[in-house]
Amino acid sequence: MKFTLSWLKEHLETTASVHEICEALTDLGLEVEGVENPAEKLERFTLAKVKSAEQHPDADRLRVCMVQTDEGERQIVCGAPNAREGITVVLAKPGDYVPGIDVTLSVGKIRGVESHGMMASERELELSDEHDGIIELPSGEVGQKFTDWLAENAPEKVDPVIEIAITPNRPDALGVHGIARDLAARGLGTLKPLSVDPVPASFPCPVSVTIDADTLDQAPVFYGRLIKGVRNGPSPVWLQQRLKAIGLRPISFLVDVTNWFTYDLNRPLHVFDADKITGSTLRLYRAKGGETLTGLDEKDYTFPEGATVIADAEGPESIAGVMGGLRTGCSDETVNVFVEAAYFDPIRTAYTGRAMKINSDARYRFERGIDPAFTPDGMEHAVRMIVDHAGGAASEVVTAGAVPDVSRAYKLDTDRCSSLVGMDIPAATQSATLEALGFRLEGDMAHVPSWRPDVQGEADLVEEVARIASLTRLQGTPMPRPRPGVPAPVLTPMQKRVQMARRTTAALGYNECVTYSFIDRKAATLFGGGDDATMLENPISSEMSHMRPALLPGLLQAAARNQARGMPDMALFEVGDAFFGGEPGEQNTVVTGLLVGRTAPKDVHGASRPVDIYDAKADAEAVLAAMGAPAKVQILRGAEAWWHPGRHGKICLGPKKVLGVFGELHPKVLRALDVKGPAVGFTLWPEEIPLPRRADPSRGALHVPDLQAVERDFAFVVDADVEALTLVNAAAGADKALIDSVRVFDEFVGGSLGEGKKSLAITVRIQPSDKTLTEKDIEAVGGRIVEKVEKATGGQLRG
């Protein structure tokens, strides 16, 4: 939205500077995007007077002028044909930048004669394209600033142009009058009232208007007047200058009037050449789809079904709320004009504009919502302007439909300003602010003006008061503590766990991902989902049809996209919710990590290797430890089908208490999601970790055993299909009080053991706590270990 300062002052009586106005507009929510101030580039130029002009001794077309300046007489060589004694000129001194020729002046010699500056032409100052001679001013004092002279004698040449951004909820600010209203409410001046003297009717309107019954919801009201005997042609200079300043091209007076009121009062209008209307009736109806029209931009358009059409007996002649038709458009030969002012539904207008791919000033305003109550007044303003400037006699007003009733009122609770916004504004000031914005107050009820469709409740009244008062007045104050002393923790234990899991996983070298909670049915089915309970009713695409049963599908899809772009090795993780049903609460928080490719780039030391299950296990255990999981856990088999059946493990506190799963992804899952392996990962459930028995945030005392630990090695011959984990768990359970750890350190297959046998060697660390163990005690523990392992595995101690 662009406007000039002088245009604004036609609606606002103010002495505020451009800078003050721009600051206030941005503070009011009408952000200033730019200011074009022609006076800034002319600020250094002053007025001077030519005292004498003599012929140059060495050039026929040059004159040596003695010029009276504010710094005394200066000699200037000039080649303009109108340089002569006695004229007042615009002086550019050495050191001044001349924008039209992109030069900074300096003292120079022209054909051997020194020149101290130049006398400027209009093109050199970018005031126009005139360059046949230097500027001659009819008045002015030596030393006076040229910008001051222009402000007094030709203000349009130094009129600043302000451009503001309009948010969709403020259609009232799409007119200069609406902007002036906000500034007046802020206190930057006084709003000038709008008034119009309607043109008396001279004859009945020969053009009638009808609106089909099924179209009244999208075109509720239509006003029109016919003016006979107008003289169309170029617009007055002031109107052309205003339109050019905001980037519009003047066309003809009748067309320029509609553009003027679109920007001046936010009232889109349309003018028809009445002699080109076929028949005597304009009809507004819903398009059936397929009707065609050549628009004012000389392009052909096809109406979509449901669009609002304005038609005469010959067919469509206007796209309601969007663009007029070329067939009935006004030209320089127009002598009888029909002026239209109507109100069109914002949503229908937006649908029509999008379907027909037309962007126009009318559509931009109608789809945001103009003032419906101003429809008849807007037409009267336009008719008065046309008759005053182009002559003619106006008909009676023809009307179809009725102005929509948008009246509404909300209670003004002046105490809510403090609770909602945090600003203490006196009740009288709040009432005065709303009245300045056009609200009508009756007791504690505020009636919303028809031009403010965005005000829809009591809170909006408070917002308006705070906006005008300036939100920059807000003072930051700390929230009161509910109790003295150290405040209670803000995060819940679960939030702390999730936070710690995120930090730890990132510290391990993983990159965090945030994937969609919706995935396609195929991927969901691979991970135990894809049923109707988790299917979306209205998915935004076929690839987002189901709620995710796990986080691994999103991470694997991300890995596939990266591999397709030349990134084979990656470590990704995500913390989020996985869903096992469609009802509230049928979800759980999950921490999932994924390793794909190799551990590091290839190097000369051979340190790079493919990722394996033990990488995932180590990372899963590190994250669990950070979340406070017990150190002693069991590793069991039997995880879901998307894990490799022989290369995974469940981290458990018992058969039914699963804290997480780690392992290699099943090859069929990788093929289905187009991921090139190897790929390993882990999934952890923070909610399954038991809460500590003590809620005290402090750590307990560090317990360091004061008795020496003892290690004993055992080797067992077992069947080749016996898992090492079974043997380790059996040995660890032989004496839970004394056995601190069990680990495998050797495996031997074949040789003298025979077919189908293998030897597993383990180290058992025995840690006494109350007394030093004797050899007898150690042998007793060893015996229990052998007994437990032989019973669990069917093997025997290797001799």
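## Cavity, pocket and a buried glutamate

The largest cavity is lined by Gln218, Thr308, Ala320, Phe344, Arg348, Thr349 and Thr352. The model is a predicted one. The count of cavities of 30 Å³ or more is 1, and the largest cavity holds about 30 Å³ of space. Helix H8, residues 346–356, gives the most to its lining, with 3 residues.

The largest pocket has a volume of about 1,400 Å³. Its lining comprises 36 residues, and Val633, Ile635, Leu725, Val728 and Asn729 lie nearest the centre of the pocket. At least two lining residues come from each of helix H17 (613–626), strand E35 (634–636), strand E36 (643–654), strand E37 (657–665), helix H19 (724–732) and strand E40 (739–749).

Glu317 belongs to strand E22, which spans residues 315–319. This glutamate is buried but has no salt bridge. The nearest side chain of opposite charge is that of Arg327, 4.2 Å away, whereas a salt bridge requires a side-chain nitrogen of Lys or Arg within 4 Å of a carboxyl oxygen of Asp or Glu. Leaving aside residues up to four places away in sequence, Glu317 touches Phe272, Ile277, Leu282, Leu293, Ile310, Ala311, Asp312, Gly324, Gly325, Arg327 and Thr328. Arg327 is thus one of the residues that Glu317 touches, although Glu317 has no salt bridge.

Note on methods: Residues are numbered from 1 along each chain as its sequence is written. This is a predicted model: local features need pLDDT of at least 70, side-chain atom pairs count only at pLDDT 80 or more; totals for chains, interfaces and linings use all residues. Side-chain values use heavy atoms; hydrogens and water are left out. On a 1 Å grid over the protein atoms alone, a cavity is a set of points where a 1.4 Å probe fits but cannot get out, and a pocket is an open set with protein on both sides within 12 Å along at least five of seven lines; lining residues have an atom within 4 Å of a point. Grid points are joined across faces, edges and corners, and a volume is the space filled by probe spheres set on the points. Helices (H or I, at least four residues) and strands (E, at least two) are DSSP runs, numbered from the N terminus. Buried means under 20% relative accessible area, exposed over 50%, partly exposed in between (1.4 Å probe, protein chains only). Lys and Arg count as positive and Asp and Glu as negative; His and the chain ends are not counted. Contact means heavy atoms within 4.5 Å.
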